[in-house]
Amino acid sequence: MRIVATLCAILALAAPVRAQNGWPNLDALLFSTLPASGRAAASFWLPDTPDPATATRALGIVYEHILGSEGSVSIANGVYVRTTQGWQIAGVVPNLFGQSPRAANFGPASVDVTTTTLGPNEPRCCPTVETRWRIDLATFQAQRLN
């Protein structure tokens, strides 16, 4: 019985997130447009407004398992725009790194976002440095601000 309960818990965690609170199935969107490997571990959706009815832009982030590693992940990032056909990727964002993306602030030409990155002499498991990034919405290039 314990095996069945464990298997059910694993399957529940692996199931894609369904549309919630007016948002489409964002995992399906992100996992089909960002990961290179198809081994997505987690995703983040940072829209320009929390209201799905009025949001027009968003930053999508997917963490992928690195084969052969002990739980290490890589990161894939993209800027999305809402079109008449729904959410579409506008561009892939290279050189944006870190964990726990948060505090996205959209401006007319850029989006700023905060992640947690490694500090000097920190082990890879445990980053602690809050890092602010700016993504140019014309070139999709990320630049570290601090």
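In the predicted model, helix α2, which spans residues 26-33, has Leu 26, Asp 27, Leu 29 and Leu 30 buried, where buried means under 20% relative accessible area, exposed over 50% and partly exposed in between, with a 1.4 Å probe and protein chains only. Seen down the axis of α2, these buried residues fall within an arc of 160°, so they line one face of the helix; the arc is that of the directions from the helix axis to the C-beta atoms. Helices (H or I, at least four residues) and strands (E, at least two) are DSSP runs, numbered from the N terminus.

Four strands form an open sheet in the order β1-β2-β3-β4, with antiparallel pairing, and strands count as paired if DSSP finds at least two bridges between them. The edge strands are β1 and β4, each of which pairs on one side only. Between β1 and β2 there are seven bridges in the antiparallel sense, and Phe 44 stands opposite Ile 61 in β2.

The buried residues of α2 pack against β1 (40-47), β2 (57-65), β3 (73-83) and β4 (86-92), contact being defined as heavy atoms within 4.5 Å.

Residues are numbered from 1 along each chain as its sequence is written, and side-chain values use heavy atoms, with hydrogens and water left out. Local features need pLDDT of at least 70 and side-chain atom pairs count only at pLDDT 80 or more, while totals for chains, interfaces and linings use all residues.
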